[in-house]
Amino acid sequence: MHSSDDRLSAALSYAFAFILGASICFTVFPLVFLWPEGVAGQALPPDFTQHVVGQRYYIAEPWGWPPLEMTRLNFPDGAHAGFTDSIPLLAMPLKALSFLLPPGFHGFGLWYAVAWIMQPVAAVWCLRAAGERRLLPAACIALIAISMPTWWSRFLHASLCGHFLIWISLGLYFHLSRENGPRYWMIAAIVQIAILFVHPYLWAMTAVFLLAVPLTHLFNGDRRWRSSLPAAALAVLVSIAMAWLSGYFGAHGGRGYGIYGMNLLSPFWPSGSSLLPFDLPMLYTAPEGAWEGYQYLGAGVLAGLLCLVVVRRGRLLADLRRHVGLALVSAFLIVFSLSSTIGIGGFIVADVYATHGFSGFIDSLFDHFRSSGRMFWPVAYLLVLAVVLGLARMRNALLGASLLLAVAVLQFADNRDARATLAQNLRQGGTGWIFDVGRVREAVAGASELKIYPRWECVPTPDIPAEHPIIIQLLAVASETVVPVNTMYVARWHRMRGCGDQAQEAAEPLAPGEARIFGPTVREAYGSRVPDADRYCVKTDPLLVCRRPAD
């Protein structure tokens, strides 16, 4: 292909992908969601609230070191912006520009716009990096990429919607496999640091692509493995060093490896398909972890894989050998995603490593990545890439193009309900407040500090359904004015106070300007201990709200 033809193809391919992503984005997401102004009229879902609260406090936090620590959230221990899923990569520039932003602003709407627009664009970039530079395959992979069911299912975890970063990392693998120069290795190291500041799970699942480069070189007898192996190790170590410097190390929590794995049949099980006249439940390895293991590939991708096996059955081994490094890291990711509890449909084998005597070691090693089902995402995108490349390069070009177009259209049609459901839910707004939000806002606004009891981490398991939904909404109210607050819903923590002192804390006199709020399971027991409760405390079902005026 002449360079002028290639430039035209690139321009048209990226234009199509950008327009596709933008049109889906602005069809699904209301403008008020993409650019929020002021405080929300309705409450937001719990996980999304966690992200918003963390980012608001981080934006308001003065610059310091470590750079992601927040002192006013979960005081006196503080919290880490990375462990509230607040997307530090976005939050840091927002902090720098905070003087331009309206009160209570958060950037998650912007992030969703970036993620939805970049998903097809990055897929096209990856395809071109793999050597396929024609317009039709680019248009098809863009259509498939923006119709992946598992990607749409991640909506409430904003940072984990950044699947375009997986496409970028996969594309870098192809560049590095061919060129292996310092320029691309430097880019790869920078990309890994950026991914780390989006979400550690995305970092872990994309870092293996760098290690795939020397593996491909080594097993294909390419002497470049001698330079690509130390380069890959250095790129990964640089991002690990950045994780250490920015406070990701030394955190605790996150136990449960084996609960949130992928069922082996999940990629092929059409749960959530728009083409079926009935709904199918998700497959799981443990009922409470079904969502994390949801990996349905979509009808188009499954049909494409079937076509691929038929049309390239004699060449599949050669294809795998050409990129054996990708095959090996994909095998690792699949095994990791299955976790220590293996599910094959309804057949579940619990704790398969226990019989070999190292179950505890495996669990402790991988507990920080307990939601192991997510690790299949890069494999899913590799399968998409294989389908598009395989069908696009059929000897019968017309048949290949027809099959590829049919696969893309089928995939897009199978995703119809996911698009429509999300658009409808966003236009309906959030959920209702559990308490009188006006009275709580009045008590919290201008307070010198807010103490919530019980603290999030101190709620007994039987009381979680009653208390956690209330606490997360109270944190949302506190974040509107960034009042220092004594608790937080975090994924991991560096320091955690004991819970035995809550009753004693509740019995302390209210400080001038302090707001203190008791949830329904403790308001009678703790509220009666507050000095001068009759002067400062009011029952606002289901809460007891106390506020002492500032002196």
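Which residues does R154 touch, not counting residues up to four places away in sequence? In this predicted model, R154 touches L160, C161, H163, W291, E292, R374 and W377 once residues up to four places away in sequence are set aside. R154 itself is found in the loop between α7 (149-152) and α8 (164-178), and the side chain of R154 makes a polar contact with the side chain of E292 at 3.0 Å. The residue counts as buried because its relative accessibility is 1%, where the cut-off for buried is under 20%.

Leaving aside neighbours within four places in sequence, S13 is in contact with V124, R134, L135 and A138.

The two residues are set out below.

| Residue | Relative accessibility | Class |
|---|---|---|
| R154 | 1% | buried |

Strand β7 (residues 537-540) and strand β8 (residues 543-547) run antiparallel and are joined by four bridges, while a hairpin of two residues leads from β7 to β8. Within this pairing, V538 stands opposite V545 in β8. In a regular strand, side chains alternate between the two faces of the sheet.

Notes: Residues numbered from 1 in each chain as written. Predicted model: local features only at pLDDT ≥ 70, side-chain atom pairs only at ≥ 80, totals over all residues. Heavy atoms only, no water. Pairing = 2+ DSSP bridges. Buried < 20%, exposed > 50% of the residue type's maximum accessible area, 1.4 Å probe, protein only. Polar contact = N/O pair within 3.5 Å; in protein donor to acceptor, adjacent residues only side chain to side chain. Contact = heavy atoms within 4.5 Å.
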